Amino acid sequence: MAKAYLREGKEVHRVPVSFRLNGAQVSGFAGESVAAALGALGLTTLRHAPRSGDARGAFCLMGVCQECLCRIDGARREACRTPLRAGMEVETLG
Amino acid sequence: MADPASDPSRFDIAVLGAGPAGVGAAVTAAWAGARVLVIDEAPQTGGQVYRALPEGITLAPGVRSLEAAEGARQRAELEASGAQLVTDHRVWMVSEGFRIEALGPQGPAKWQADRLIAATGTHERVVPFPGWTLPGVLGLAATTILMKSQRMAPGRRVLVAGCGPLLAYVAAGLGKIGAQVVGVADLAGPADWARALPRMLARPDLMARGAGWVAQIAARRVPYLPRHHVLRAEPGADDALRVTLARIGRDGRPGPERLIEADALAVGHGLVPGTELTRLLRAAHDWRPERGGWIARRDTEFRTSVPGLYLVGDGGGISGAAAAWHQGRVAGLAAARAAGIGDAQILSDRITLERRALRAAEGFGRAMSAIMAPRAPLYAAIPADTPVCRCEDVTRAEIEAAVAAGATEVNQVKHWTRCGMGPCQGRMCGEAAAEIVAAKQGASRVQAGLWTGRAPLRPVPLADLAGDFDYADIPIPKPAPL
């Protein structure tokens with residue numbers, strides 16, 4: 001659901017890193033937020049609503065809405081407030 | 001007992017939030033000679049408005065940051081001020097006195113301060129519409145963060161909708177990043193902007209920035225749709241969003257529909273002052289819709305009704321980054337003077353100077369706030385089966401059913417429906433829920449009430465707070481003899 005985020009290509013220097021997303025090896029860039037990295041991979045559905053089962057994704061990107069909560073290196077973290085590092089283990093929470 | 005002056009966890013003044021208001025307060029209080037602590041949950045200062053690029057992402061030489069140079073200037077001023085800065089710490093509890101408890105990367109942290117300056121900012125108001133919960137729909141302020149601190153757009157084709165100065169800023173910024181802005185739907189029309197103009201003229205520099213964004217949008221031939229509102233968003237073909245818009249007539253009713261396809265919808269209806277801390281400490285609040293909603297009552301030195309508690313920046317009523325900086329500076333000086341630190345006459349003279357700059361900045365900010373003020377017809381248009389509370393999936397119909405069953409204010413509605421009880425703690429649904437509760441009873445927002453402040457101020461994992469706590473560590477007193 002929904003399309004991938006777009007990274008500004010020209011004039012921005014980023015350092016590629018690989019990390020694990022739901023068990024698969026993927027890549028992103030060091031320091032960007034985990035939420036942005038997942039968005040750029042096209043993973044915009046991060047959870048499903050408890051009652052309706054509807055797909056949900058990152059919404060406020062400032063640590064308020066809690067829609068991007070993921071399990072990151074074993075702990076529940078707001079993906080929008082967590083900088084991506086090489087070797088991170090990221091799991092979406094269904 | 002240790003000497004309080006040498007205790008590293010004790011401060012004369014603590015500042016919560018390191019956006020422009022908090023930094024402004026910290027630098028002047030430290031300048032006056034106070035021992036100052038500034039705490040922020042982000043890794044860098046600047047708040048949301050002056051968000052910097054994270055460590056690891058750099059711009060080619062000569063490329064201008066989307067963050068204003070003002071952010072870097074304030075960061076440098078704070079560094080030179082002598083105030084102690086603690087970043088990456090989320091404050092979850094403040095009790096009177098003031099005892100401040102936070103959670104950082106290394107675990108729990110605690111401080112004590114005689115005076116507390118709250119500079120905790122705002123969050124975004126998004127009035128619910130069908131499809132506002134779809135992935136690919138995100139806030140306007142959220143989009144600015146993606147642009148400024150990630151140099152990303154939420155998709156290749158983005159529709160920008162809502163109201164206020166962020167519309168033009170986001171549309172211009174997305175264009176620079178390389179996304180196509182397929183439309184800018186502005187709730188306000190030319191008449192609304194004309195009303196704001198006289199007060200905007202008080203800050204020609206800010207006017208010029210705004211005009212620059214508008215010129216960039218015009219140069220890219222982005223369709224500008226005045227007085228347009230998003231009626232609904234639906235999943236479209238090929239993972240895109242189908243967004244239906246309509247022009248809102250003078251009577252508040254939508255006209256003929258217009259369909260726009262986009263990869264993402266960036267939508268926001270203004271800013272809501274964050275009142276978590278002032279509600280938690282039981283400060284008096286007033287309903288001030290023209291300033292963004294409920295705000296804690298303050299005097300001219302930004303003192304709230306709670307002794308020792310000050311409130312500056314947008315959290316005390318939307319007035320923008322420029323006003324926030326000067327408000328902070330006044331409060332920092334006033335708090336130092338109240339603590340008996342520094343020369344009272346010199347501090348008073350500086351307060352007078354700061355006030356003059358504040359007046360011009362506030363005029364501009366308040367004009368923007370009026371453009372973003374909540375609009376009753378938008379809330380009236382929320383359909384019955386649309387989820388209002390995102391966390392707990394509570395619809396408008398369920399909120400109205402609770403009112404029909406006897407709930408008269410928002411706390412009762414929360415208890416009966418779970419609306420506002422989820423992990424966002426009512427920050428995303430609070431405004432809409434209260435509008436619906438008020439409208440259903442034909443009552444005012446004052447009668448509909450505001451949510452009682454509760455800890456934690458922000459969600460924190462209990463396991464992290466407990467740290468390496470062990471039950472064996474609890475001292476158990478000997479049982480009393482029978």
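I count two strands as paired if DSSP finds at least two bridges between them. With that settled, I opened the model, which is a predicted one.

**Entry 1: strands S11 and S12 of chain B**

I began with strand S11 of chain B, residues 157-162. Six bridges connect S11(B) to S12(B), and the two run parallel. I picked out one pair: Leu159(B) faces Gly183(B) in S12(B). Next I asked how many residues of S12(B) are buried. The count is six of the seven in the stretch 180-186. S12(B) is therefore largely enclosed by the rest of the structure.

**Entry 2: a three-stranded sheet in chain B**

I then looked up an open sheet of three strands in chain B, in the order S14-S15-S16. Its pairing is antiparallel. Which strands form its edges? They are S14 (228-235) and S16 (254-262) of chain B, each pairing on one side only. On average, neighbouring strands here are turned by 25 degrees against each other, with direction ignored. I noted the details of one pairing as well. S15(B), residues 241-248, is joined to S16(B) by seven bridges in the antiparallel sense. Within these two strands, Ile248(B) sits opposite Pro254(B) of S16(B).

**Entry 3: helices H3 and H4 of chain B**

I turned to a helix pair. Two packed helices are described by the angle between their axes and the distance between the axes. For H3 (140-150) and H4 (166-177) of chain B, the axes come within 10 Å and cross at roughly 35 degrees. The crossing of H3(B) past H4(B) is left-handed.

I listed the residues that meet. H3(B) brings Leu140(B), Ala141(B), Thr143(B), Thr144(B) and Met147(B). H4(B) brings Leu166(B), Leu167(B), Tyr169(B), Val170(B), Gly173(B), Leu174(B) and Ile177(B). Sorted by class, this contact holds nine nonpolar and three polar residues, and no charged ones.

**Entry 4: where chain B touches chain A**

I checked the contact between the chains. Chain B gives 46 residues and chain A gives 44. Which elements of chain B supply two or more of these residues? They are S3 (58-59), S8 (122-124), S9 (137-139), H3 and S10 (152-153). The largest share, five residues, belongs to H3(B). The side of chain B that touches chain A divides into 26 nonpolar, 10 polar and 10 charged residues.

S2 of chain A, residues 12-13, is linked to S3(B) by two bridges, running antiparallel. His13(A) has Thr58(B) as its bridge partner in S3(B).

I stayed on S3(B) for Leu59(B), which lies in that strand.

**Entry 5: the largest nonpolar core**

I looked up the largest nonpolar core, which has 174 residues. Ala14(B) and Ala433(B) touch the most other members. H8(B), residues 320-338, provides the largest share of the core, with 11 residues.

I then listed what Ala14(B) touches, leaving out residues up to four places away in sequence. The partners are Leu37(B), Ile39(B), Phe98(B), Ile100(B), Trp111(B), Ala113(B) and Leu116(B).

**Entry 6: backbone exceptions**

Most residues other than glycine have a negative phi, and most peptide bonds are trans. I searched for departures from this.

Phe98(B), a contact of Ala14(B), is joined to Gly97(B) by a cis peptide bond with omega at about -10 degrees. Phe98(B) is in the loop between S5 (90-95) and S6 (99-104) of chain B. A cis bond also runs from Ala455(B) to Pro456(B), with omega near 0 degrees. Pro456(B) is in the loop between H14 (445-448) and H15 (462-466) of chain B.

In chain A I noted two positive phi values. Asn22(A) has phi near 50 degrees and lies in the loop between S3 (16-21) and S4 (24-29) of chain A. Leu61(A) has phi of about 55 degrees and lies in the loop between S6 (55-56) and S7 (69-72) of chain A.

Why do I file Asn22(A) as exposed? Asn22(A) has 12 other C-beta atoms within 10 Å, and 12 or fewer counts as exposed. Leu61(A) has 30 such neighbours inside 10 Å, so I file it as buried.

Note on methods: Residues are numbered from 1 along each chain as its sequence is written. Chains are lettered from A and ligands numbered from 1 in the order in which they are written. This is a predicted model: local features need pLDDT of at least 70, side-chain atom pairs count only at pLDDT 80 or more; totals for chains, interfaces and linings use all residues. Helices (H or I, at least four residues) and strands (E, at least two) are DSSP runs, numbered from the N terminus. Axes are lines fitted to C-alpha atoms, for helices over the stretch in contact, and angles run from 0 to 180 degrees between N-to-C directions. A crossing is left-handed if the near helix is turned anticlockwise from the far one by less than a right angle, and right-handed if clockwise. Two residues are in contact if their C-beta atoms, placed from the backbone, lie within 7 Å. Ala, Val, Leu, Ile, Met, Phe, Trp, Tyr, Cys and Pro count as nonpolar, Asp, Glu, Lys and Arg as charged, and the others, Gly among them, as polar. A nonpolar core is a set of buried Ala, Val, Leu, Ile, Met, Phe, Trp, Tyr and Cys residues joined through C-beta atoms within 7 Å. A residue is buried if 20 or more other C-beta atoms lie within 10 Å of its own, exposed if 12 or fewer, and partly exposed in between; C-beta atoms are placed from the backbone.
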